Amino acid sequence: MLKAFDAKMAAHALRLARETLQNEAAAITALELRLGDDDTVVKAIELLFNCKGRVVVSGIGKSGHIARKMAATFASTGTPAMFVHPAEAAHGDLGMVTADDAFIAISYSGESTELMTILPVVKRMGSKVIAITGKPGSSLASIADVHLNVAVAKEACPMNLAPTTSTTVTLALGDALAVALLDLRGFREEDFARSHPGGALGRRLLTHVRDVMRSGADVPKVRADVKLTDALLEMTRKGMGMTAVVDADDQPIGVFTDGDLRRMIDKVQDFTQVLIRDVMHANPRSIAPEQLAVDAVAIMEQFRINQVLVADADGRLVGALHIHDLTRAKVI
């Protein structure tokens with residue numbers, strides 16, 4: 001029967017949790033200091049930077065999990081990469097690897113049977129091999145073109161058995177390689193967004209005004225000489241809480257909103273005698289359809305408005321945006 005979780009157990013658990021973080025932080029710091037005296041990381045970065053194919057990352061067990069994450073990080077930051085399971089590679093998946101690829105093999109012991117089975121073949125194919133191990137004298141290290149040493153003094157595991165600190169250090173090294181490469185490649189926010197179109201950043205940086213604006217018959221607009229009552233009917237039909245006021249060339253010269261209506265209720269006795277040009281806001285805010293949707297958000301926030309007109313290069317009204325359109329598109 002399990003014992004009840006008491007205060008003594010809580011204190012012990014907290015101590016172990018803190019010691020784990022201290023152990024892993026110290027190991028990463030030690031690796032960082034070691035890099036200052038070792039040019040192998042620079043050689044690895046140069047090899048990866050010059051790779052004409054993909055970066056293939058492989059490992060088994062806990063190292064396999066780190067390899068998957070490393071490949072995913074490379075791929076999302078401008079370095080084409082993929083994970084290959086070493087056991088599957090030995091049974092056909094090695095056909096995915098080409099001479100133009102760079103192969104990263106991860107094994108803390110450096111003696112993974114699965115990796116050592118396929119690496120001679122990888123080498124014969126002409127692929128360059130980077131080994132990440134904790135044993136510089138291991139078989140894996142000796143066969144590699146570049147060896148990266150991720151040795152740790154002790155695992156965080158109290159029994160010094162479960163891969164904990166060693167996998168954290170390897171993961172951190174993978175991030176370091178990826179960050180160095182993305183900077184060398186001139187990787188930008190826009191590039192990141194293109195590989196993350198389903199994420200918030202992708203929506204922000206890839207969504208243009210033309211993608212979310214209302215257009216055609218859905219855009220509320222009236223001529224300047226119509227009565228206010230006609231403009232209100234147009235606002236009601238289109239449901240945007242405003243109407244654009246356009247000239248004979250369909251260029252916006254003004255805008256009238258629900259807020260304007262509320263503010264003038266006490267001032268106007270007979271709405272049927274008021275022309276829209278006398279109560280509209282002249283020189284309305286507009287944006288081009290090819291601009292990013294986040295630019296429309298910036299305009300709305302800056303001028304504290306809920307709608308913005310969309311005009312083409314000739315100044316003609318081609319659309320309109322309501323803040324709700326941007327919300328539905330998850331731009332904001």
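Guide: The residues that line the largest cavity divide into 5 nonpolar, 2 polar and 2 charged, where Ala, Val, Leu, Ile, Met, Phe, Trp, Tyr, Cys and Pro count as nonpolar, Asp, Glu, Lys and Arg as charged, and the others, Gly among them, as polar. This is a predicted model, in which local features need pLDDT of at least 70 and side-chain atom pairs count only at pLDDT 80 or more, while totals for chains, interfaces and linings use all residues. Residues are numbered from 1 along each chain as its sequence is written, and side-chain values use heavy atoms, with hydrogens and water left out.

A cavity is a set of points, on a 1 Å grid over the protein atoms alone, where a 1.4 Å probe fits but cannot get out, whereas a pocket is an open set with protein on both sides within 12 Å along at least five of seven lines; lining residues have an atom within 4 Å of a point. By this rule there is 1 cavity of 30 Å³ or more, and the volume of the largest cavity is about 50 Å³, taken as the space filled by probe spheres set on points joined across faces, edges and corners.

Around the largest cavity you will find L31, R34, L35, D38, T40, V41, L148, N149 and L173. Elsewhere in helix α1 lie R15 and E19, 4 residues apart, about one turn of the helix.

The largest pocket holds about 380 Å³ of space. It is lined by 21 residues, of which V255, T257, I305, N306 and Q307 are the closest to its centre. Elements that each supply at least two lining residues to the largest pocket are β8, α12 (258–264), β9 and β11 (307–311), and the largest share, 5 residues, comes from α12. By class, the lining of the largest pocket has 8 nonpolar, 7 polar and 6 charged residues.

Strand β7 (residues 242–246) runs antiparallel to β8, and 5 bridges join the two, where at least two DSSP bridges are needed for strands to pair. V245 has G254 as its bridge partner in β8. Between the strands of this β7 and β8 hairpin are 5 residues, and D250 takes a positive phi near 65° there. Strand β9 (residues 281–282) is joined to β8 by 2 bridges, again antiparallel, and in β9 it is A282 that stands opposite G254.

The second largest pocket has a volume of about 160 Å³. Its lining counts 14 residues, and S63, S107, Y108, S109 and P163 are the closest to its centre. Two or more of the lining residues are given by α3 (62–76) and by α7 (165–184), and α7 gives the most, with 3 residues. By class, 6 residues in the lining of the second largest pocket are nonpolar, 7 polar and 1 charged.
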